[in-house]
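Here is a friendly walk through a few features worth checking in your viewer. Please have the sequence and the 3D view open side by side.

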Amino acid sequence: MKHPMRSTLAVAWLLCAAGAASAAPAAGKPTPAAPGDFGPPRGEVIHAILTSPPMVPPPIHRDHPAKVIVELEVREVEKEISEGVSYTFWTFGGTTPGSFIRVRQGDTVEFHLKNHPDNKMPHNIDLHGVTGPGGGAASSFTAPGHESQFTFKALNQGIYVYHCATAPVGMHIANGMYGLMLVEPPEGMKPVDHEYYVMQGDFYTVGKYRERGHQDFDMQRAIDERPTYVLFNGSEGSLVGEHALKAKVGDEVRLFVGNGGPNLVSSFHVIGAIFDRVRYEGGLHEQENVQTTLIPSGGAAIVEFHVRVPGSYVLVDHSIFRAFNKGALAILKADGAEDKTIYSGKEVDSVYLGDKAANLAAVSEARAAEASGTLTKEQQIKAGQSRFTGTCSVCHQGNGAGLAGVFPPLAGSDFLMADKQRAIGIVLNGLTGKVTVNGSEFNSVMPPMSQLNDDELANILTFVRNSWGNSGDAVSADEVRKTRAATKRPEGAAH
């Protein structure tokens, strides 16, 4: 007699086996072509043109997929992260962000990753535009002095982040190892007048914001997600002054905007412009008439807008302290004829730029002279004038006259010149309440400027105490340092 339980199990097993057999593909059945697979490469092999930020390689004008060779070298380089502050960046192509890569949907990409022999660390690359586990990371682990090669097909159009994925992954990304790859659609992209490459990243240093000298990576700050700097294109001031992006009135501008992270989400905004179109998260869908767009860590977007009137358009992360106190600020400078029917034309760069509008040549000269012990009062005045612009001039005005009934004058100020130590303390620690200056009473708030370095405060005060009819001795960085040390502050306050 058959065992009933065994019979039931046997039937169930046969049913499962039959179902599995019917679900399994027939032997030898070809895998259907993936969307974006336009067949094998045709024509001659192409060596990709790579560009450093903020430039973008030229558009692709091909009507067929090709084999494209990309050669990218990892370099560990020491560069300025801010004026007078150096940092060792780990980079793809020698820059942060790394070289911009541009291919066509359907291309077969032969990728060569080289790790320069002078480097100290192994590295690899994870391209978000690669279909396959790790995005190429496992295939590209490369020791210093070696080269790795792997191949992938660019199946999906869009703008994609790439980054290093060698452990500890966060540290490699935080040191600047990220960039963008554009996979153009087969029909290409609509022509525009300018294309630029801007990428945000958050950086974590042992020293505080703008603390002079070489700064090392701080792992604990990174784990705690407390960045010292939040930057566009790897350094404070990388896209201001003579490095500002450029356009003309009437131009259409396309920005490829990435966010390397490793931690923060970006609220990307251009002050004074409204985006005509945003391809958010790098996908196919577009949003129109956008003021600010979110770009996740490890994500990217394509934003397009027309320049309607001339002036300075300020690019920021609208988590706004990141812009003005951590460095996430850039400029697009537009030249051309005014159109007063759209905008009156008044422009005050300093309101938005702060001390980033400064002439840093004078600041650098003063810093070098102080280090060598040859700093003069005249050098301090020039450096202080540069830092005064934006930092102090918004309230006290560029001529030191202040605003009647609101902000006291610095020009010919009896209050300012009566007590040098008091002046240092007010600028460093702020002041709230009534003061009498040149016979007039003022009652407002002077915020503390303790986020500035000792030498910056000393130079600003030296400039103010020797301008607009004032005449006094210089203020030294050591005097500011002593006042700062004597001031008790709550834990976590700016020092």
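## Helix H6

The expected span of a helix is 1.5 Å times one less than its number of residues, and helices are DSSP runs (H or I, at least four residues) numbered from the N terminus. Helix H6 has 13 residues (360-372) and should therefore span 18 Å, in agreement with the 18 Å between its end C-alpha atoms.

Ala362, Val363, Ala366 and Ala369 of H6 are buried (under 20% relative accessible area, with a 1.4 Å probe and protein chains only; exposed is over 50%). They sit on the same side of H6, because they cover an arc of only 130° around the axis, taken from the directions from the helix axis to the C-beta atoms. The exposed Ala361 and Ala371 lie on the face turned away from the buried side. After H6 comes Gly373, with a positive phi near 80°.

## Where H10 and H12 cross

The axes of H10 (residues 420-429) and H12 (residues 477-485) come within 10 Å and cross at roughly 65°; axes are lines fitted to C-alpha atoms over the stretch in contact, with angles from 0 to 180 degrees between N-to-C directions. Contact here (heavy atoms within 4.5 Å) involves residues including Ile424 and Leu428 of H10 and Val480 and Thr483 of H12.

## About the model

This is a predicted model, where local features need pLDDT of at least 70 and side-chain atom pairs count only at pLDDT 80 or more, while totals for chains, interfaces and linings use all residues. Residues are numbered from 1 along each chain as its sequence is written, and side-chain values use heavy atoms, leaving out hydrogens and water.

Definitions and conventions
Helix = DSSP H or I, 4+ residues; strand = E, 2+ residues; numbered from the N terminus.
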